[in-house]
Amino acid sequence: MTSLHILYASTSGHTEYVVGVLADFLAKHAPELVVTRAVAEVAQPDDFTKADVLLLASGTWNTGGIEGQLNPHMDVLLKKRAKDVDLAGKACAAISLGDDRYYYTGRAVEHLQQFIKTHNGAQALPSLMIVNEPYGQEDKVCKWGQKLLDTFATR
Ligand SMILES: Cc1cc2nc3c(=O)[nH]c(=O)nc-3n(C[C@H](O)[C@H](O)[C@H](O)COP(=O)(O)O)c2cc1C
């Protein structure tokens with residue numbers, strides 16, 4: 001892996017924080033890796049295919065009135081603007097956030113994984129789920145970042 005592109009949606013800043021922690025970890029431990037990011041609000045179909053590895057990150061919302069959905073911006077991106085994207089076997093990963101006050105805790109992950117699968121992506125490693133505020137959960141994010149690096153070190 002020489003490049004990683006992160007597409008994320010964040011409303012109260014939690015997902016953005018997690019993406020920032022991950023990017024800092026990768027900059028420190030894999031300085032040769034080019035890490036770029038874009039928010040779902042402005043992302044276009046070519047954002048999905050521009051890097052070696054695609055990472056999708058979203059909080060869980062009640063988009064459309066039902067709990068357990070994608071953040072509204074990620075929902076519009078994946079279901080409308082990027083609905084015809086062909087990932088053509090690209091290595092992909094996913095991060096979801098949620099809150100355990102909701103029954104469908106962190107279920108945005110299922111929508112992200114489903115998108116990867118139905119658009120011919122290859123999920124490279126199990127998804128990361130951060131439940132409740134991410135502040136204080138930096139170790140979990142960094143351990144997952146290490147797994148991401150390990151996954152590609154062996155390829
Ligand atoms: C309107 C709304 C609906 C939410 N629905 C869910 C949900 O169904 N399941 C869940 O686990 N968390 C739910 N959450 C919690 C968020 O996923 C959680 O706070 C997350 O960290 C927000 O990330 P963000 O700040 O990056 O948007 C909801 C939050 C809001 C504001």
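## Leu 55 and its surroundings

In this predicted model, Leu 55 touches Leu 4, His 5, Ile 6, Leu 7, Leu 22, Ala 93, Ala 94, Ile 95 and Trp 144, when residues up to four places away in sequence are not counted. Leu 55 belongs to strand β3. Its relative accessible area is 0%, so Leu 55 is classed as buried.

## His 5 in strand β1

One of the residues touched by Leu 55 is His 5, which is located in strand β1, residues 3-9. His 5 has a relative accessibility of 2% and therefore counts as buried. The side chain of His 5 forms a polar contact of 2.7 Å with the side chain of Thr 36.

Leaving aside neighbours within four places in sequence, the contacts of His 5 comprise Thr 36, Arg 37, Ala 38, Asp 47, Lys 50, Ala 51, Val 53, Leu 54 and Leu 55.

## The buried side of helix α3

Helix α3 spans residues 108-118, and its buried residues are Ala 108, Val 109, Leu 112, Phe 115 and Ile 116. These residues lie on the same side of α3, because they cover an arc of only 125 degrees around the axis.

The packing partners of these buried residues are β3 (53-61), β4 (69-70), α2, β5, β6 (122-123) and β7. Strand β3, one of these partners, is also the strand that holds Leu 55. After α3 comes Asn 120, which has a positive phi near 65 degrees.

A backbone N or O atom of Thr 60 is 2.7 Å from a ligand oxygen, a backbone N or O atom of Gly 106 is 2.8 Å from a ligand oxygen, and a polar backbone atom of Gly 13 is 3.1 Å from a ligand oxygen. On its own the ligand has 650 Å² of accessible area, of which the protein covers 86%.

## Positive phi values in loops

Ala 88 is not a glycine, yet its phi is positive, near 45 degrees. Ala 88 sits in the loop between α2 (72-81) and β5 (91-98). With a relative accessible area of 64%, above the 50% cut-off, Ala 88 is therefore exposed.

Asn 132 likewise is not a glycine and has a positive phi of about 70 degrees. The loop that contains Asn 132 runs between β7 (128-131) and α4 (138-153). Asn 132 counts as partly exposed because its relative accessibility is 27%, between the limits of 20% and 50%.

The search of the whole structure returns zero disulfides. Cys 92 has 0% relative accessibility and so counts as buried. Cys 142, by contrast, has a relative accessibility of 23% and counts as partly exposed.

Terms used:
Residues are numbered from 1 along each chain as its sequence is written. This is a predicted model: local features need pLDDT of at least 70, side-chain atom pairs count only at pLDDT 80 or more; totals for chains, interfaces and linings use all residues. Side-chain values use heavy atoms; hydrogens and water are left out. A disulfide is a pair of cysteine sulfur atoms within 2.5 Å. Buried means under 20% relative accessible area, exposed over 50%, partly exposed in between (1.4 Å probe, protein chains only). Helices (H or I, at least four residues) and strands (E, at least two) are DSSP runs, numbered from the N terminus. The arc is that of the directions from the helix axis to the C-beta atoms. Contact means heavy atoms within 4.5 Å. A polar contact is a pair of N or O atoms within 3.5 Å; within protein, one must be able to donate a hydrogen and the other to accept it, and residues adjacent in sequence count only if both atoms are side-chain atoms. Accessible areas come from the Shrake-Rupley method with a 1.4 Å probe; for residues, only the protein chains shown count as cover.
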